[in-house]
Amino acid sequence: MPETTGALLDRLEAVLREQDGFVTTHQAERLGVRRSKLAALVRSGELHPVMRSVYVLAKRRPVPRVDERTYAAWLAIDGHRLPWERDAPVAVVSHASAARLHGVGTLPDDVVEMTSPIRRTTVLPAVRLHVAPLAVDDWQWMADRRIMVTTPARTIADLAISPIERGYVLDAFDDAVERR
C-alpha cells in the first residue's frame, strides 16, 4: 500500500522543524523517503523545489532576514548531514552574504558566498565558494536563523581582502562598529 503524503511528511518532520521547513534530497533519503516520494510531495503541492536537491514546505513560516536562496544554498552544500549532526562547519555563509545576514553594509547580492576549509565544487547556480581556513572563533550559529555564518569581524576581514569596491567595505565596517 502506498505511503500517504501525511506519513511521508511525518518521516521528515524533525528535519523540517529544525530547518524551518527545508529538507535536502540526501536528508530525506537518510530518513527513508526516496526521490520518487519527494517528487510525489512536490506534485501534491506539499513541497516546493527551491534549488537542486533542496525543498521547502509549502506551508511554512518565513525564515527571518534570510532569503530562501541563501538558506537553500547553505543546506545544499551540507545536504548529507541531518541538522543535529552539525558541529563543525562544512561551509559557512561568508563575505557579502554574511554581511547581509548581519545587517551591515549594502553589498551587491548577485551570488550566495560561502567559505569552506577544504576545496569543494558545486553545480549550484549563483553560488561562489571560497576556500580558507575557518578557526572556531571565525564563525557562529545565527541561532534564530539556524545557519552557520562568519562572525562580523571575519566577515569584514573577508570583504577587505576581496575585490569588492572599497566603499562597500567601509560602509559595512561602519555599520558593524555602530552595532558593536
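Student: Is Asp-20 buried or exposed?

Tutor: This is a predicted model. Asp-20 is found in the loop between α1 (5-18) and β1 (22-24). Buried means under 20% relative accessible area. Asp-20 has a relative accessible area of 5%, so Asp-20 is buried.

Student: What is the phi of Asp-20?

Tutor: Most residues other than glycine have a negative phi. Asp-20 is not a glycine, yet its phi is positive, at about 50°.

Student: Which helix holds His-95, and is His-95 buried or exposed?

Tutor: His-95 lies in helix α5 (residues 95-102). His-95 is not a glycine but has a positive phi of about 50°. Its relative accessibility is 7%, so His-95 counts as buried.

Student: Which backbone atoms does the side chain of Gln-27 reach?

Tutor: Gln-27 lies in helix α2 (residues 25-30). Gln-27 is buried, with a relative accessible area of 0%. A polar atom of its side chain lies 2.8 Å from the backbone oxygen of Arg-81. At 3.0 Å, the side chain of Gln-27 also reaches the backbone nitrogen of Thr-24.

Student: Which residue in β8 stands opposite Gln-140?

Tutor: Strand β7 (residues 139-142) and β8 run antiparallel, joined by four bridges. In β8, the residue opposite Gln-140 is Val-149.

Student: Which residues are buried on each side of strand β8?

Tutor: Both faces of strand β8 (residues 147-150) are covered. On one side, the buried residues are Ile-147 and Val-149.

Conventions:
Residues are numbered from 1 along each chain as its sequence is written. This is a predicted model: local features need pLDDT of at least 70, side-chain atom pairs count only at pLDDT 80 or more; totals for chains, interfaces and linings use all residues. Side-chain values use heavy atoms; hydrogens and water are left out. Buried means under 20% relative accessible area, exposed over 50%, partly exposed in between (1.4 Å probe, protein chains only). Helices (H or I, at least four residues) and strands (E, at least two) are DSSP runs, numbered from the N terminus. Two strands pair if DSSP finds at least two bridges between them. A polar contact is a pair of N or O atoms within 3.5 Å; within protein, one must be able to donate a hydrogen and the other to accept it, and residues adjacent in sequence count only if both atoms are side-chain atoms.
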